[in-house]
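Hi,

Here is the model I promised to pass on.

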Amino acid sequence: MPEKNAPSRALRLGIAGPVGTGKSSLIALLCRSLGEELRLGVITNDIYTDEDARFLRSAGVLDPERIRAVETGACPHTAIRDDVTANLLAAEDLEADFAPLDIVIIESGGDNLTATFSPALVDAQIFVLDVAGGGDVARKGGPGISRADLLVVNKTDLAPYVGVDVATMVSDATHAREGRPVIALSRTDDNSIAQLRLWVLEMLAAYRSGTHSPQDPGPMAPHSHLDEGGQAVIHTHSPSSDHGHDHDHDHDHDHDHPVRA
Amino acid sequence: MVDSGTLAMLLADARLPTGGHTHSAGMEPALLGGLKRDDIPSFLAGKTRSTTLVEAGTAVVARHHFISEAAPSGIDALIAAWAARTPSPALRDASRLLGRGYTRIGRTVWPSSASIAFCAQLRRPPRAVVLGAIAATALMKPADLVRLVVYEEVQNAASAVLKLDPIDPATVVTWVLNACEVAEPFVHQLSLITTPEAIPALGAPQAEGWAEAHSVMKKRLFRA
């Protein structure tokens, strides 16, 4: 767990979300909008080592030396959750080589809806969806959608072409997140970029003042079981008591998603 | 104190978070370098009889140093001996990354261990040295340490095949067992060594060449 007061290292910010939702582009956007005022470093976790790193280097948004690729052994979810060692070592090296840095951004290899960062690796995380993946995805929930520090609904400029109503998708997401922030983002919408920029700056300030605690969105998506009356009951395991496959089923049979304290 | 055999199981378990899942112990370099599937068992056997014995011997000598000397002054010479027997910079670098992963776990699990603290001070200790420090701390038997290194190398390489050239996972289990058997005649003798000079000086130039070529390839799943 990161230190409470005046942390001595950079904020580690995770960017997760399914393949193709625009994680690398979002990082390029962050580098462009914050690169002047903050000292940034980026770690990518692609399936094949350095696709994402090369994309970011070629985007010319950051000194190429500050963008490092980490191999994940074809297990991108493991590298951000069950065994974060490779990413931790890369973050330490990046911070040591370019000290001091303000933020180290860690991009997960694109995975499914259940892949979120362990708080052992990042202080805060953004989960990225896009409208082209379908307007109903936000409603499906899952740990990243429900409990990441920020949910981004990306590529809103494509909404008319894929028949998605952005307002409904954001409303579904906000409902699934019980009020946690959601930003509808498009790289062609300056106002949305300003919102994203502000969120990051506020998170950095909260981290530095010691008022932000890393949250674990939890490894499992909400899922349903049949109760004794044959009714489907949706529930989640609270991350603090969840041990992955250890289903001891102390369900609170609640149709609401339990909230982490 | 946990039994030596239990400790070996813990350290050999793929679920131990040391970053091991990002390594293929030379398998990805070999397959990209042209190794054919039919030759994988021979490759594993050859690896077991050569570079794996260097790793295991280094770990045994490190263990001896950490147990017998309060100030492990001989570690520099030991690391030099290991490096001289590991000519590929890519493989040395991979070993040092794994070493940091084990050091991280070691510091958490055995916070009062002077040996593991010493490894942390080295900043980039080779994996074999850190395993020696952990074995010294937890009183792991040297023969178990040799078998651990052999198993770890073989299993890491063999299971990487499942990601690189998919095959029935049960076949891979047989490969692992067979390669471990290849090492068995060497285990006792190797477990008794105490000096860097006694570490086998065995190389695998083809594998080292593959590792170097792999380190500059663009499309990699594994670190080395």
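Below is what turned up, starting with the ground rules and then going through the pockets, chain A and a few spots in chain B.

This is a predicted model, in which local features need pLDDT of at least 70 and side-chain atom pairs count only at pLDDT 80 or more, while totals for chains, interfaces and linings use all residues. Residues are numbered from 1 along each chain as its sequence is written, chains are lettered from A and ligands numbered from 1 in the order in which they are written, and side-chain values use heavy atoms, with hydrogens and water left out.

Pockets first. A pocket here is an open set of points on a 1 Å grid over the protein atoms alone, where a 1.4 Å probe fits, with protein on both sides within 12 Å along at least five of seven lines; lining residues have an atom within 4 Å of a point. Volumes are the space filled by probe spheres set on the points, with points joined across faces, edges and corners.

The largest pocket holds about 690 Å³. It has 30 lining residues, and those closest to the centre are Ala69(A), Glu71(A), Asp93(B), Arg220(B) and Arg223(B). Strand E3 (67–69) and helix H4 (85–97) of chain A, plus helix H6 (89–109) of chain B, each give at least two residues to that lining. (Helices are DSSP runs of H or I with at least four residues, strands runs of E with at least two, numbered from the N terminus.) By class, the lining has 12 nonpolar, 7 polar and 11 charged residues; Ala, Val, Leu, Ile, Met, Phe, Trp, Tyr, Cys and Pro count as nonpolar, Asp, Glu, Lys and Arg as charged, and the others, Gly among them, as polar.

The second largest pocket comes to about 580 Å³. Of its 24 lining residues, Ala14(B), Arg15(B), His21(B), Asn156(B) and Ser159(B) lie nearest the centre. Helix H9 (142–164) of chain B is one of the elements giving two or more residues, and H9(B) has the largest share, with 7. The lining splits into 9 nonpolar, 9 polar and 6 charged residues.

Now chain A, which has 9 helices and 9 strands. Of its 261 residues, 54% are buried, meaning under 20% relative accessible area (1.4 Å probe, protein chains only). Val152(A) sits in strand E6 (residues 150–154) and is buried, at a relative accessible area of 0%. Leaving out residues up to four places away in sequence, Val152(A) touches Leu26(A), Ile126(A), Phe127(A), Val128(A), Leu129(A), Ile183(A), Leu185(A) and Leu196(A), where contact means heavy atoms within 4.5 Å.

In chain B, Phe222(B) falls in the segment after helix H11 (205–215). Phe222(B) is buried too, with a relative accessible area of 3%. Beyond its neighbours within four places in sequence, its contacts include Glu71(A) and Gly73(A) from chain A, along with His21(B), Leu164(B) and His214(B).

H4(B) has 15 of its 18 residues buried, so it is largely enclosed by the rest of the structure. In helix H3 (residues 40–49) of chain B, the buried residues include Ile40(B), Phe43(B) and Leu44(B). Among the elements covering the buried residues of H3(B) are H4, H9 and helix H10 (169–191) of chain B.

Cheers

Terms used: Buried means under 20% relative accessible area, exposed over 50%, partly exposed in between (1.4 Å probe, protein chains only).
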